[in-house]
Each structure stands twice: as structure tokens, then as C-alpha cells.
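Have the sequence and the structure open side by side as you read.

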Amino acid sequence: MPGSCVIEFDRVFKQYWLGKTQTLAGIVSANMRRVFCNGQPRQSQEEEGGASRASLSAVRDMSFAVGRGESLGLIGRNGSGKTTLLKLINRVTWPTSGAVRTQGRIISLLELGAGFHGELSARDNIYLSGAIFGLTRKEVQARFDEIVEFAEIERFVDTPIKRFSSGMFARLGFSAAIHSDPDIVLVDEVLSVGDEAFQRKALDKLSVLVKGGATLILVSHDMRVIQQVCQRAMWMGNGTIMALGEAGEIMARYGEQIQAEIHRNASERPWASAPGATVLSEALER
Amino acid sequence: MSPDRLAMEWEGGRDAAREWRLKWELATNILRREIKGRYSQTFLGFGWALIQPVIMMVAFTLVFGRFAKVSSEGVPYPLFSYVGLVPWTFLASGIAAGTFSIAGYRSLITRVYFPRIILPIAEVSTRLLDFFVAALLLAVLMVVYGIAPTLWILMVPVLLGIQFFLAVGIALWTSAMYAFYRDVGPVVQLGLQVWLLLSPVAYPLSAVPDRHRFLYLLNPMSGLVEGYRSIIVFGRAPDFSALGIAVAVTAVVFLGGYMVFKGLDRYFADFV
């Protein structure tokens, strides 16, 4: 992998099995049917042994690279494979074929507080999640005060987090993740963390990280956010790359496509031009 | 190292010593989390570590010691059975807890990357604590029955080490398979019950007919339980050939489990 690349996808495919796990009862009943119903299975051939063979290709033949310090916006309809892409980068899931190469510590801001345990205090949880992100105890210690201060939970450091409000929980999760010196930051649908002031602070922190050389992958349906934050953007559809390039240009093309779809829907079904659609198209024109 | 292997390390495998340190620290963190979680909001707390072996000891003493008059080779039957029940309970509860470790951490596995193998190891390790608590009662029993230990008792850590690898090795198999098929749960429960009867916990190894001896010793718990009994209660050398067989079988189980686990761990998040 070239030195400046921190994420590289090489002909990556990811398939998910949609079927249930094969069961003994399923196999027996399938075979009984074959024997007693003149060899005609009741259901389609796909359903052999009670397990559907149907699978879904969430990511298909994707190749791209992201460099150090770059920020890439991801846009695309629901089900276009954005989340799967993030999971592949995050090494939660493995490609069915192809190779995903990454360098450095990766944090995902879509699963805040994933490693937290309700019975433990905020203090213990900060150490626990630090260990999960790949920090030594000493490294967590050095950042401890900063994490607590950023999360604005100074008074509750020794409270079991099952007593935390959802806002406190999310702020702590964000703070613990962001202070782990990540090389790659994955963000899904910017930060519904805390109030507006905290979101402002969180975005500032993110931009400091990126200026310091971290790589940002940002998934958003808000095209303005992507244009503000990212240099490059990738438009995903059906698990493949529809377009990849300079953020403004990609957003313009995506916006055109979406508008065309809205207009088509509106002309086919007049009731579809409800206030929501109008608001959206106005937003797109801005 | 191939790029794919590289990707399974925390920081791209830049620094192997650091990777090991991180794995160790994560394991101890999960251990702490498990122990705190397990005994929180219980009235008996660590008392639970004693209940299982003690109840079994009472039942065994009644059934095998009094009714069936099984030989305990000259030591009081309660002590004879308890010294086997303490390591047995560690193994059985370690395997049971380890089996559910991957499925139990589903929310973490489907969200964050970390070396998955830490989970079954940490789960088995939590049961070491119970082992030590139960061993305290063993010390009390020895005082009560007036049995003084010899220097052979210093071998306990060796036997415990073998047993730890055995428990982790089996938990690697079962936890990986349990992630895909929940049938593994009842199979493990049943297997442990049968295994207890096939190990010299309630009866001495000498009760096993000679012609079945070798087959019997292929069960690593035969050499281990008999070994604990020799070095703690009888104060003599363990049967080293029986222990040798136990070590060999443990090594095979562990390496097999490691390979199965490593082959399957990339699919855990998609199936568990």
C-alpha cells in the first residue's frame, strides 16, 4: 500500500445471506415433502432444507483509495451500501472477496458507547472503551481529564452509567472515542449527539483532527454538510460507485438525479408533491 | 505478512510488543467488567463460588460415600471428593461461560473491531477467581481432617495451568460454533454432565479396570483430577505418565480450537 494511503479497497464484494440457518426440522420436512408429494417440493428449489439461499450483494466490486488527511463524503439512497462500506473499513465485517487495507487506529462515531457497561462507573467505562479502541491504560490516563471535561460529566465520574441520561451517555461515548488519537474517523449522519452547542464543539473537534492528519469518512444525506466538510465525495448506488470526485461536482450531479426523481414521482403521483417534497427540493436548490 | 492479516491487528501490526500489551489490557478490562457485573446485586456475592462444589460434595458423600461405599483410598470421603470437585467446577463453569462469550458480546462484536479471541479467554479466566475461593474451603477441610500438605502441593499451579489451557481450548471450539448454531449450548451442558461421570471425581482412578485404563486416561481430566488428589491430599508425586497424556491431549484440543476459532472469527459479526 502506498505510504500516503490509509484506506484501500481492492475489488471488494460483500454478500449477506438473508436466509435462516438450516435446521434439522427443515431438512426433514423438505425431504418428507419430496417423498410423499411425488417428488415435488412445495416451495421453490431455493428453499432447500428450510434455508433460503437468497443473498444480498451489499457491496459490489468496489475499488478506491483514500489518503492520509483526506475527508471523503459518502452519499446515496438508503440501502446503497454506505453502512456496509463503513463496517468493512472498521473491520467489523469481512469482504466476501477482494481486499480491504487500512492503516492506523479506526474509530466509528456511529456506535457511540458500544463497549460501555451499565453497572460500571463512567471512570471504569472510559478505561474499558479505551482498551477496546486499542489504548494502553497509561494512554487513557493521560487523556482522562480531557475526556471528562469534553463530555461535560465532571460531577458524575463515579456514577454507574446506567443512571446517565441518553445525552450524557452519547457525549461520553463521543468524547471517549474522539480522544483516542484516531487515524481514521467514520461518521454516520452527523452527530445527533447532545444539544446544538455540543454538536458545534464536536464538529470543531473533528476538523481539528482532520487538520492534524486524520482521515474522515462522512456519511450524510445532507449535501451541504458534505460540501462544507469534504474535499472529495463518493456517490453510491446499489453497492457500487456511481461517481467519485470533487465534492461540489458530485453533489451537483447527485442533486440533479434526486430532483429528476422527485419530479418524475410528482408527475406520476400528484399526491407525492406533498409539503415534504417541496421543502426538500427547495433545500436542494439552495 | 499479507495485507489481510495485517488488517486484523489494531494498528496495522506496526508494533508486535504493543499489540500484545493492548490484548493483555483489554483482557484484564473485560475480566474486571465481568467480575463486577457478575456479583453486583447479589446477596451472597463470592459465596456463589462455594455453593456449587459444596452442594456436590454433600450429595457425593451421601450417595457414593455412604450408600455405594465407593473407596476413597483411606482419606475421608468429603475431602476426597471435594479436592476433585474444585478443579472440576473450574473447568465446567469455565467452559460453560466461555461457550456463550461470543454470542454474549454480540453488541460489541457487531460494532467494534478488537481481537475476538480475548472474549473466551477472559470468560474462562473469571472462573479462576471462583477456583481460588473454593480452594480456601479446601484448606479449611484439610485442617479439620488433620491432613498436612507436603511440598508436592507446590505443583498446583502447573496442574492449574494445564487445566486453564484445556478449558480455553474447548471454549474456543464451542464459542465459535455457538455463534452459528445455538444447539451447541445444550450439547455442552450434556457433555459436561457425562464428562463428570467419566472423570475420577467421585471415585478413585484405581476403580477403573486395567484394560480400560489407557482409554480412560485419554480424558485429560483423569490425570489432572487424580494429580490434584495426589499432590494435595496424599502428599505424593502425581502419576507423571497420566499427566503426560493429559498434556498431549490438551495441546491437540487447544491448537485445534485455536485454528477453528481463527478460521471462523471473521464471520462472527455477520452470523452471531
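Let's begin in chain B, where Pro186(B) sits in helix H9, the stretch covering residues 184-197. Keep in mind as you look around that this is a predicted model.

Is Pro186(B) buried or exposed? Its relative accessibility is 54%, and exposed means over 50%, so Pro186(B) counts as exposed. For a sense of distance, pick out Gly244(B), 58 residues apart from Pro186(B) along the chain: the C-alpha atoms of the two are separated by 31 Å.

Now move to chain A and find Thr93(A), in the loop between helix H2 (82-89) and strand S4 (97-102). With a relative accessible area of 2%, Thr93(A) falls under the 20% limit and is therefore buried.

Which side chains make polar contacts with the side chain of Thr93(A)? One is that of Lys14(A), at 2.9 Å. Another belongs to chain B: the side chain of Asp270(B), at 2.7 Å. Leaving aside residues up to four places away in sequence, Thr93(A) touches Lys14(A), Tyr16(A), Lys87(A), Leu88(A) and Asp270(B).

Next, look at strand S1 of chain A, which spans residues 5-17. Nine bridges join S1(A) to strand S2 (residues 55-67) of chain A, and the two run antiparallel. To see one such pairing, find Ile7(A), whose bridge partner in S2(A) is Val66(A).

S1(A) is also joined to S4(A), by five bridges, and this pair runs antiparallel too. Here you can look for Phe13(A), which stands opposite Ser97(A) in S4(A).

## A six-stranded open sheet

Chain A also has an open sheet of six strands, in the order S5-S6-S7-S3-S8-S9, with mixed pairing. Which strands form its edges? They are strand S5 (106-108) and strand S9 (240-246) of chain A, each of which pairs on one side only. From one strand to the next, the twist averages 15 degrees.

At the S9 end of that order, strand S8 (residues 232-237) of chain A is joined to S9(A) by six bridges, and these strands run antiparallel. A handy pair to pick out here is Met234(A) and Leu244(A): Met234(A) stands opposite Leu244(A), which lies in S9(A).

Definitions and conventions: Residues are numbered from 1 along each chain as its sequence is written. Chains are lettered from A and ligands numbered from 1 in the order in which they are written. This is a predicted model: local features need pLDDT of at least 70, side-chain atom pairs count only at pLDDT 80 or more; totals for chains, interfaces and linings use all residues. Side-chain values use heavy atoms; hydrogens and water are left out. Helices (H or I, at least four residues) and strands (E, at least two) are DSSP runs, numbered from the N terminus. Buried means under 20% relative accessible area, exposed over 50%, partly exposed in between (1.4 Å probe, protein chains only). A polar contact is a pair of N or O atoms within 3.5 Å; within protein, one must be able to donate a hydrogen and the other to accept it, and residues adjacent in sequence count only if both atoms are side-chain atoms. Contact means heavy atoms within 4.5 Å. Two strands pair if DSSP finds at least two bridges between them. Axes are lines fitted to C-alpha atoms, for helices over the stretch in contact, and angles run from 0 to 180 degrees between N-to-C directions.
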